[in-house]
Amino acid sequence: MAQIRVEALDKSFGAFHAVKSASFTVEDSQFLCLLGPSGCGKTTTLRMIAGLELPTSGTIRLDGEDVTMNRASARDIAFVFQLFALYPHMNVRHNIGFPLKCEGISAAERDRRVVEAARILRISHLLDRSVSGLAGGDRQRVALGRAIVRKPKCFLMDEPLGALDTEMREAMIHELRALHDRLGATTVYVTHDQLEAMAMADRIAVMNNGVVEQVATPRDIYDRPASLFVADFIGSPPMNFLPFRAGLQTGAEAIRLGERDVAIPAAREAMAESELVLGVRPEHVRFTDRGMVRGEVYGTEYLGTTQIVTVTTHYGALKARSPSSRSFRTGETVGLDFRPDTLSIFDKASGRAIRTALHEGGAHG
Amino acid sequence: MTSVTAAHSVVEPSATTRRFAGSLVVLYAVITMIPLVWIVLTAFKSPDDAISYPPKVMFKPSLEGFCNLFTTRSRQTPEFIRSLGPPQGLCDGIARDRNMVVAGPSNYVPRFVNSLIIAFGSTVLAVALGTLSAYGFSRFRVPLKDDLLFFILSTRMMPPIAVAIPIYLMYRTIGLSDTRLGMILLYTSVNVSLAVWLLKGFIDEIPREYEEAAMIDGYTRFQAFVKVVLPQATTGIAATAIFCLIFAWNEYAFAVLLTSGNAQTAPPFIPIIIGEGGQDWPAVAAGTTLFLVPIVVFTVLLRKHLLRGITFGAVRK
């Protein structure tokens with residue numbers, strides 16, 4: 001297994017700048033998710049790590065060795081494709097054994113390792129079937145088998161669950177994570193689905209427009225988003241944003257929002273007066289009669305144990321998560337309060353999160 | 001299934017439609033088959049039956065057409081023929097009945113062999129070149145790709161015979177006229193544009209993940225092309241090969257113009273048969289019948305690919 005270092009990676013397709021100076025490190029036996037909306041450059045980044053695309057500039061290191069310009073076959077990595085890419089003219093056994101055949105491993109050894117991979121993935125009974133008759137989940141297992149049979153330095157997966165239905169996807173999320181834990185393989189996993197990323201990853205790299213916005217643990221990504229984009233992209237419903245204009249002193253513990261002061265985590269940097277954004281997760285909104293923001297209930301979405309209440313306020317529509325036991329009438333006037341220690345503040349112009357006490361004590365820097 | 005008695009299905013054609021469509025197909029098949037049946041029947045008629053009017057449908061089969069096709073004969077006096085021993089073989093017997101003796105084999109077999117070599121040679125070459133360039137156009141960022149593809153297609157926009165005279169002069173200068181190599185190159189150059197365009201369509205349909213997977217698994221691009229792309233392109237390659245072969249096999253105009261002694265193919269040779277001793281229609285028909293055989297065999301061998309090939313890509317999966 002290996003460490004993957006990506007340094008200042010750039011990729012342009014003609015005039016289109018797909019990846020802009022992406023840098024991150026995947027430690028040995030870590031599971032990293034590249035997460036972002038479609039077209040953000042996550043797949044291109046993965047393909048550059050695999051050697052299927054050559055970067056315009058930048059460096060890729062596998063265990064310290066510069067492999068940026070190496071051929072895909074010379075990198076000792078395994079790649080799982082979204083559409084499985086099983087060879088339709090071969091049966092399951094030959095598909096799984098194909099990489100070993102490429103390496104020129106003897107037939108006996110090949111068969112032993114294919115059988116072992118099939119046992120790990122619980123597809124032993126399918127070995128002599130043709131791949132065209134398999135169900136989606138089984139096809140994906142065969143594709144995984146082809147990846148693990150070679151014991152490569154790392155696994156790269158490009159939305160491998162994208163083509164499966166919801167139920168199968170749920171099951172495969174747990175299987176993939178369990179497989180990762182058992183093999184301890186360094187894995188880079190591309191997805192646009194935040195739930196997949198949250199459920200599986202040790203660390204998540206959120207990408208947008210070719211830029212890596214934040215690399216952190218799922219918890220940090222959720223609780224301490226580094227940018228407006230991350231805050232908006234992660235979470236369902238996303239973070240509420242309340243725009244305001246103010247300056248900020250180092251150590252300030254409140255901001256002026258309209259008529260009232262709102263307590264915030266102590267600021268760790270100073271900002272001249274500018275357009276700022278207060279970010280608050282729906283579950284950190286509380287209903288109190290003495291609330292600092294007042295508004296009218298616009299509607300509710302019932303989600304079982306909780307409900308999402310949309311409140312029209314001076315700052316736009318805010319969403320709050322509340323226990324579903326509480327009932328709201330449409331048009332009712334309510335007061336809203338925010339949990340001070342969880343609030344994020346962003347610079348509206350750059351989208352960057354302003355450093356506050358929120359960022360201390362987190363796992364990342 | 002709990003089938004409620006529905007008056008008709010909305011997607012299935014009705015029985016009337018099906019009968020109508022069926023009879024159209026049969027009618028079309030009959031119309032296209034009649035000339036072929038006529039040719040095959042004529043091949044087995046005697047020269048008299050072949051030109052009788054009204055045409056004979058029932059007749060006494062004869063191999064005279066085939067004998068005349070494969071042999072050259074010379075006319076002799078009855079006395080001379082009587083002085084010879086018993087007829088040597090079936091054809092000698094038939095010839096003697098017409099006061100002739102077999103003088104030697106005709107040129108049909110060498111011409112037929114030329115046809116085989118030239119048509120199959122150019123087909124192999126056109127399909128090989130076409131597959132490689134179609135793969136390149138399909139997978140790589142080729143500068144001016146669209147213009148190049150259009151240029152390749154544009155070579156088929158004029159009738160090939162329009163360039164017959166320049167090609168004749170060129171071939172005479174560089175010594176390719178009346179050579180098999182020259183004909184193979186000529187038919188290849190005509191077919192390769194068709195092959196590139198047809199095969200590009202097929203290769204575009206093969207997901208590139210297959211090769212990428214193979215390249216990650218340790219193959220070079222060329223190995224991935226041979227081991228992964230080619231097996232999946234067999235359908236397209238077979239369909240393309242048949243189209244190329246049919247063109248090269250049937251080509252007449254260039255063959256008349258550029259070949260005579262050495263490299264003459266069967267199409268320009270068959271009409272020549274007429275001239276030898278009256279209009280020998282059974283011999284012409286026999287030559288044509290045999291000429292049909294290789295293409296029929298080739299098509300039948302590849303028919304399962306051909307059917308899939310023609311409808312390939314119309315519906316995804």
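Analyst: This is a predicted model. In it, α11(B) and α14(B) are roughly antiparallel to each other.

User: Why are α11(B) and α14(B) called roughly antiparallel?

Analyst: The axes of α11(B) and α14(B), the latter covering residues 281–301 of chain B, cross at roughly 180 degrees. Angles over 145 degrees count as roughly antiparallel, and the pair is therefore given that description. The two axes come within 11 Å.

User: Which residues of α11(B) and α14(B) meet, and how do they divide by class?

Analyst: From α11(B), I242(B), L245(B), I246(B) and W249(B) meet I295(B), F298(B) and T299(B) of α14(B). Six of the residues in this contact are nonpolar, one is polar and none is charged.

User: Which residues form the contact of α10(B) with α11(B), and what classes do they belong to?

Analyst: On α10(B) the residues are Y210(B), E211(B), A214(B) and M215(B); they meet R221(B), A224(B), F225(B), K227(B), V228(B) and V229(B) of α11(B). By class, seven are nonpolar and three charged, with no polar residue.

User: Why is G64(A) called exposed?

Analyst: G64(A) has 8 other C-beta atoms within 10 Å. A residue with 12 or fewer is exposed, so G64(A) is exposed. G64(A) sits in the loop between β4 (57–62) and β5 (65–66) of chain A. Its C-alpha atom is separated by 7.6 Å from that of Q3(A), although the two are 61 residues apart along the chain.

User: Why does N99(B) count as partly exposed, whereas L144(B) is exposed?

Analyst: N99(B) has 13 C-beta neighbours inside 10 Å. Exposed requires 12 or fewer and buried requires 20 or more, so N99(B) counts as partly exposed. L144(B) has 9 other C-beta atoms within 10 Å, and L144(B) is therefore exposed.

User: What is the phi of N99(B) and of L144(B), and where do these residues lie?

Analyst: Phi is positive for N99(B), at about 60 degrees, although N99(B) is not a glycine. N99(B) belongs to the loop between α5 (89–97) and β2 (100–105) of chain B. L144(B), also not a glycine, has a positive phi of about 55 degrees. The loop that holds L144(B) runs between α6 (108–139) and α7 (145–154) of chain B.

User: Which residues touch the most other members of the largest nonpolar core, and which element gives the most to it?

Analyst: L156(A) and V188(A) touch the most other members of this core of 150 residues. α11(B) gives the most to the core, with 14 residues. Another core, of 18 residues, lies apart from it and includes F66(B), L69(B), I270(B) and A286(B).

User: What does α2(A) give to the side of chain A that touches chain B?

Analyst: The contact takes 17 residues from chain A and 14 residues from chain B. α2(A) gives the most to the chain A side, with four residues. That side has 14 nonpolar, two polar and one charged residues. The buried residues of α2(A) include V92(A), I96(A), F98(A) and L100(A), and what covers its buried residues includes α3 (107–120) and α4 (136–148) of chain A.

Terms used: Residues numbered from 1 in each chain as written. Chains lettered and ligands numbered in written order. Predicted model: local features only at pLDDT ≥ 70, side-chain atom pairs only at ≥ 80, totals over all residues. Contact = placed C-beta atoms within 7 Å. Helix = DSSP H or I, 4+ residues; strand = E, 2+ residues; numbered from the N terminus. Nonpolar A, V, L, I, M, F, W, Y, C, P; charged D, E, K, R; others polar. Core = buried A, V, L, I, M, F, W, Y, C linked by C-beta atoms within 7 Å. Axes fitted to C-alpha atoms, helices over the stretch in contact; angles between N-to-C directions. Parallel < 35°, antiparallel > 145°, perpendicular 65-115°, else oblique.
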